[in-house]
Amino acid sequence: MTTKLTSGPIVLVTRSRDSESRLHTPLERETDRAVHLIPVTELAFDDTDSGRLQRVTDQDTSTNGDKNTTSRTDLQPKATLEDDDPKRLFVADDDTTPVDHSPAAIILELTTPERLRTLLRAVETAPASIPTVVAPPTGSERLATVALRTNADEYVPATSDEAVDRILETVSTATDTTEDEAGEVDRDYHRILADELPDEAFVISENGTYLEAQLRPESAELYSMDSAEMIGAHLTEVFPDSTATELQRCIDEAIQTDEIQTVEYKGETTDGSQRFEARVVPTDEHINGHRAVVWLARDITERAQRERQLRSRQSELETLNRINAIIHQIIETLVEAPARETIEQEVCEQLVDSELYCGAWIVERTGNDTLTHRIEAGDAEMYLDCVRELEVDHERPVERAARTGDVQITNRILESDSLPSPLQTAARENDVRAAIAVPITYEDVTYGVLTVLASRKDAFTPGERAEFELLGETIGFTIMAVKNRQLLLADTVVELEFRIDGGDSFSFDLSREYDCTCSLEWAGATANGRTFQYVTVEGLEGETALEEARNHDSIEECRLIHDGIQRCTIEMRLAESGVRMLTNHGATIRDITVEDSVGTCLVDVPQSADVREVADALAMIYENTELVARREVDRPVRTAAERRNRILDELTDRQLTTLRLAYYGGFFDWPRESTGEEIAEAMDVSPPTMHQHLRKGLKSILSEFFEEGGGTTE
């Protein structure tokens with residue numbers, strides 16, 4: 001269309017009378033021209049050859065008989081004007097006099113492609129040539145394409161920061177645009193498509209031939225073929241056959257359905273493989289006798305990478321949630337497990353049943369520091385057999401886990417060059433792609449190693465590793481608890497007597513220095529992990545023993561509990577305790593006595609205990625340790641009534657009365673219902689006397705529990 005510079009108004013065509021125009025006020029502020037609003041719903045077109053735009057007004061509606069007719073009036077005053085006068089095309093909505101000139105430009109703030117297309121074609125055939133600008137409220141590929149195909153002079157979304165400047169520029173500098181002899185349309189794609197396209201735009205014929213190409217400079221640098229060379233090329237010359245076929249199918253779908261299609265595809269550039277997303281917009285007009293599409297593409301490589309990472313992360317979280325649920329289900333099962341074998345079997349079977357893992361087995365460390373298989377589960381039988389039988393000259397992950405107590409992970413097993421050929425063959429056969437070796441530990445004791453196999457090549461992420469670390473510690477704790485429970489409930493236990501020559505602990509050092517005898521009264525740990533020992537020393541006064549304890553490297557804190565004549569009891573908090581390690585192996589120390597720098601240690605273990613394991617654990621505490629006796633000991637079975645009678649026999653009448661008055665009087669409640677003075681008054685004794693009877697009575701009761709079972713307790 002041809003635009004002539006005029007002094008006429010700028011006409012804004014809106015969707016309806018109530019539609020808000022984003023451009024009206026800014027245009028009035030930036031130009032001296034009049035700016036008039038006309039709703040598109042009040043526009044119509046004459047059926048005569050003049051093609052003149054007309055306006056339908058409410059006052060021009062009349063009723064003839066039983067038919068409603070709406071008259072169409074020119075967009076001008078009621079004054080008589082020549083139909084072909086190019087200066088009388090539009091008038092303002094509220095004007096009462098003719099406009100001297102045709103509009104300087106028509107700005108179309110519309111959102112419906114069909115209505116926009118009809119109006120642009122009507123303007124194009126009008127007697128006066130008027131610049132047109134398509135300015136929808138927001139950007140639209142469909143509207144941009146309509147603007148292209150119907151020769152709009154400009155396209156710019158009304159929300160654009162430069163919308164007003166570009167409209168005013170169009171008003172003053174619009175130029176002629178005509179079709180050439182070959183029927184191809186020579187248009188300025190850059191200005192219109194730049195608003196809708198970050199990277200590249202093409203017009204492609206229905207047979208896959210490039211008719212027009214527009215690339216942003218930063219995008220053009222990535223192509224081995226510039227935009228001019230692409231014109232006339234076929235899709236198969238630009239893309240591999242498989243990609244070209246997919247893109248041609250998308251073009252066919254857009255033309256057949258007359259709907260915008262979206263397609264993602266890969267393109268090879270000088271910067272490597274890039275990912276693109278295209279919006280394929282069908283056009284109505286024919287070019288060289290063929291339908292065509294406008295191909296609007298943007299580089300989404302970074303977005304695709306982020307989406308892949310997000311999907312990967314989401315998948316990882318879902319898997320981690322499943323693993324978390326499995327681990328906690330296993331932990332709940334372990335609480336009631338009656339034996340170590342049951343614990344290990346439940347763990348392996350539940351892991352395999354989850355379908356996240358294809359195999360699991362547990363090994364334990366034997367006395368000669370080798371690993372022996374105990375339990376296994378899963379379908380990876382060939383791999384498990386190969387692991388058992390294969391001899392290698394280097395430390396395997398399961399052995400490293402047993403030695404260091406740290407989890408060992410091997411991902412991408414099939415891609416590992418260090419894997420022995422037989423094991424790699426077995427891994428391929430059983431689809432084993434990743435493995436984790438989890439030490440089964442509790443505190444300083446390693447009971448064995450759990451190995452789990454997965455068919456996922458990167459199965460064991462840091463989150464999954466943390467879950468398995470928790471599982472390993474839980475299994476270790478449960479095994480320790482089962483061992484202790486077996487010892488606690490056993491009617492017959494095995495008593496082991498060990499001789500220890502020249503230990504380097506406080507008791508051995510004190511016995512060697514002062515020729516005294518040291519006996520362990522109790523050793524154990526508090527809830528916060530602090531390790532305590534109570535040691536009675538015969539043949540040495542308390543102050544000397546306390547001073548030696550304060551200077552000993554193994555003791556962090558100490559205090560004197562009892563100081564008698566050449567006899568004292570010391571409480572000590574230790575940095576480490578070997579007694580704790582024995583307890584974790586299911587052993588209970590009944591007595592340790594050190595005399596003349598030689599120790600005698602009596603230990604109770606269940607009948608099912610591995611004596612060698614206990615001996616090795618004690619040897620880790622005291623280097624020169626020898627098992628000198630192994631005896632089965634029957635424990636006396638006492639009923640609750642017998643135990644109660646035994647306690648009553650130990651109490652005096654005064655002690656029993658004091659305990660009863662204190663108990664029923666609420667002395668042991670918190671807050672107390674009775675004070676010590678009130679209990680003493682009820683007994684008619686002094687408060688110190690009452691407290692003496694009370695403490696002796698409590699000691700008799702507590703000794704039945706703490707001293708009956710031996711020297712240590714948890």
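Reader: Does R456 count as buried or partly exposed?
Author: R456 has a relative accessibility of 25%. Buried means under 20% relative accessible area, exposed over 50%, and partly exposed in between (1.4 Å probe, protein chains only). At 25%, R456 therefore counts as partly exposed.

Reader: What pLDDT do side-chain atom pairs need in order to count?
Author: Residues are numbered from 1 along each chain as its sequence is written, and side-chain values use heavy atoms, with hydrogens and water left out. This is a predicted model, in which totals for chains, interfaces and linings use all residues, local features need pLDDT of at least 70, and side-chain atom pairs count only at pLDDT 80 or more.

Reader: Which residue meets R456 in a salt bridge?
Author: A salt bridge is a side-chain nitrogen of Lys or Arg within 4 Å of a carboxyl oxygen of Asp or Glu. The distance here, N to O, is 3.2 Å. The side chain of R456 meets that of E464.

Reader: How far apart in the chain are E538 and R567?
Author: The side chains of E538 and R567 meet in a salt bridge of 2.5 Å, N to O. This pair links distant parts of the chain, with E538 in strand β23 and R567 in strand β25. Helices (H or I, at least four residues) and strands (E, at least two) are DSSP runs, numbered from the N terminus. The separation of E538 and R567 is 29 residues.

Reader: Are E344 and R340 buried or exposed?
Author: E344 and R340 both lie in helix α11 (residues 340-353), 4 residues apart, about one turn of the helix. An α-helix has 3.6 residues a turn, so residues three or four places apart point the same way. The two side chains meet in a salt bridge of 2.9 Å, N to O. E344 has a relative accessible area of 1% and R340 has 11% relative accessibility, so both are buried.

Reader: Which residue in β15 stands opposite V203?
Author: V203 belongs to strand β11 (residues 200-205), where both faces are covered: E200, F202 and I204 are buried on one side, and A201, V203 and S205 on the other. In a regular strand the side chains alternate between the two faces of the sheet. Two strands pair if DSSP finds at least two bridges between them, and β11 pairs with β15 (residues 292-299) in the antiparallel sense over 6 bridges. The residue of β15 opposite V203 is V294.

Reader: What is the bridge partner of V203 in β12?
Author: Strands β11 and β12 (residues 210-215) run antiparallel and are joined by 5 bridges. Their hairpin has 4 residues between the strands, and G208 takes a positive phi near 95° there. The partner of V203 in β12 is E212.

Reader: How far apart are the end C-alpha atoms of helix α2?
Author: The expected span of a helix is 1.5 Å times one less than its number of residues. Helix α2 (residues 113-124) has 12 residues and should therefore span 16 Å. Its buried residues include L116, L119, L120 and V123.

Reader: Which residues does T243 contact beyond its neighbours within four places in sequence?
Author: T243 is placed in helix α9 (residues 241-257). At 12% relative accessibility, T243 counts as buried. Contact means heavy atoms within 4.5 Å. Beyond those neighbours, T243 is in contact with Y265 and K266.
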